[in-house]
Amino acid sequence: MGIGDAHAPGATPLDPDEVHGLIPGDIRHQAELNQWEQANVMEGSTWALRFRGRDFLSEGFVRELHRRMFGNTWRWAGTFRTTGKNIGVDAAQVSIQLRELLENTRYWIEHRTFPLDEIASRFHHRLVVIHPFPNGNGRHARLMTDVLLLRNGAAVFGWGSAISKLRAMPVIATSRHCVRRMPVITGCSSVSCAVSIHCRN
Ligand SMILES: Nc1ncnc2c1ncn2[C@@H]1O[C@H](COP(=O)(O)OP(=O)(O)O)[C@@H](O)[C@H]1O
Ligand SMILES: [Mg+2]
């Protein structure tokens with residue numbers, strides 16, 4: 001499978017300009033790219049989890065996190081997409097809608113508008129819907145959400161890692177439990193489940 005193909009369900013296909021931005025020159029196959037990306041993402045995670053600055057709900061942090069996660073891999077890491085995707089807002093709207101999401105999320109946290117798990121779920125869902133970057137949005141949105149949870153004194157989500165243990169549990173007791181079990185409700189990716197949760201509201 002070539003690089004830039006939709007290699008996994010839900011993966012965002014890259015356009016040729018975006019594929020052109022690949023930094024390591026000797027990568028030919030998707031598996032090699034995945035491995036390289038994973039090492040880069042680990043570096044980004046380490047940086048994010050140690051970040052002590054106050055303003056993580058800012059465009060600067062959102063972009064810097066993406067750059068730390070993918071900056072050894074893609075030249076365009078940390079820059080917003082300029083092309084349309086099969087998911088995401090119009091490219092011209094990315095910055096505006098992201099700013100609105102960050103402001104809303106700050107408000108929700110300050111005013112405790114929803115339980116923290118629900119704030120994190122809404123934040124994650126909306127960030128994926130905006131889809132700010134050409135690629136890496138799924139991993140970036142999960143890490144952003146983990147930062148949000150940690151900075152507010154909560155544990156990170158499991159993102160499906162506990163699927164086998166939780167599959168038998170009843171669906172939706174309270175919004176808190178609902179969000180915690182989000183990845184197991186339909187056995188789909190956390191993002192799709194978040195979508196289905198919010199459709200019920
Ligand atoms: N139609 C959709 N509905 C919900 N989520 C989607 C849809 N299409 C893609 N996604 C989500 O977008 C993410 C894939 O976007 P992408 O930018 O390729 O991120 P990554 O490279 O980290 O996987 C995945 O988390 C996937 O679940
Ligand atoms: Mg992808």
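Biologist: Let's start with α3. Which helices do its buried residues pack against?

Modeller: They pack against α2 (30-50), α4 and α6. Keep in mind that this is a predicted model.

Biologist: Noted. And which residues of α3 are the buried ones?

Modeller: Val62, Leu65, His66, Arg68, Met69 and Phe70.

Biologist: How does the length of α3 look against what you'd expect?

Modeller: Fine. α3 has 12 residues and runs 17 Å from its first C-alpha to its last, close to the expected 16 Å at 1.5 Å a residue.

Biologist: Zooming out, how many helices and strands are there in the protein?

Modeller: 9 helices and 0 strands. Of the 201 residues, 32% are buried. As for contacts between residues with a separation of 6 or more, 59% join residues 24 or more positions apart.

Biologist: Where's the core, then? Which residues touch the most other members of the largest nonpolar one?

Modeller: That core has 23 residues, and the ones touching the most other members are Leu65, Leu101, Phe123, Leu127, Leu143 and Met144. α3 (59-70), α4 (94-111), α5 (116-130) and α6 each supply at least two residues of this core. The largest share, 6 residues, comes from α5.

Biologist: Pick Phe123. What is it in contact with, leaving aside neighbours within four places in sequence?

Modeller: Phe123 is in contact with Leu101, Thr105, Thr145 and Leu148.

Biologist: Now the helix pair. At what angle do the axes of α4 and α5 cross?

Modeller: Roughly 180 degrees, and the axes come within 10 Å. Anything over 145 degrees counts as roughly antiparallel, so α4 is roughly antiparallel to α5.

Biologist: Which residues meet there?

Modeller: From α4, you have Val94, Gln97, Leu98, Leu101, Thr105, Trp108 and Ile109. They meet Ile119, Phe123, Arg126, Leu127 and Ile130 in α5. By class, the contact has 9 nonpolar, 2 polar and 1 charged residues.

Biologist: Moving on to α6. Is it mostly covered or mostly open?

Modeller: Mostly covered, with 11 of its 15 residues buried. Among the buried ones are Asn137, Gly138, His140, Arg142 and Asp146, along with Leu143, Met144 and Leu148.

Biologist: What follows α6?

Modeller: Gly153, which has a positive phi near 80 degrees.

Biologist: What about phi at His131?

Modeller: Phi of His131 is near 55 degrees, positive in a residue other than glycine. His131 is in the loop between α5 and α6. It is buried, because it has 24 C-beta neighbours inside 10 Å and the cut-off for buried is 20 or more.

Biologist: What does Phe133 touch, not counting residues up to four places away in sequence?

Modeller: His66, Phe80, Arg81 and His140. Phe133 and Arg81 are 52 residues apart along the chain, yet their C-alpha atoms are separated by 4.8 Å.

Biologist: Last one. Where does Gln38 sit, in terms of helices?

Modeller: Gln38 is in helix α2. Gln38 counts as exposed because it has 11 C-beta neighbours inside 10 Å, and 12 or fewer is the cut-off for exposed.

Biologist: How far is Gln38 from Thr73, by C-alpha atoms?

Modeller: 9.8 Å, with the two residues 35 apart along the chain.

Conventions: Residues numbered from 1 in each chain as written. Chains lettered and ligands numbered in written order. Predicted model: local features only at pLDDT ≥ 70, side-chain atom pairs only at ≥ 80, totals over all residues. Helix = DSSP H or I, 4+ residues; strand = E, 2+ residues; numbered from the N terminus. Contact = placed C-beta atoms within 7 Å. Core = buried A, V, L, I, M, F, W, Y, C linked by C-beta atoms within 7 Å. Axes fitted to C-alpha atoms, helices over the stretch in contact; angles between N-to-C directions. Parallel < 35°, antiparallel > 145°, perpendicular 65-115°, else oblique. Nonpolar A, V, L, I, M, F, W, Y, C, P; charged D, E, K, R; others polar. Expected span 1.5 Å × (residues − 1).
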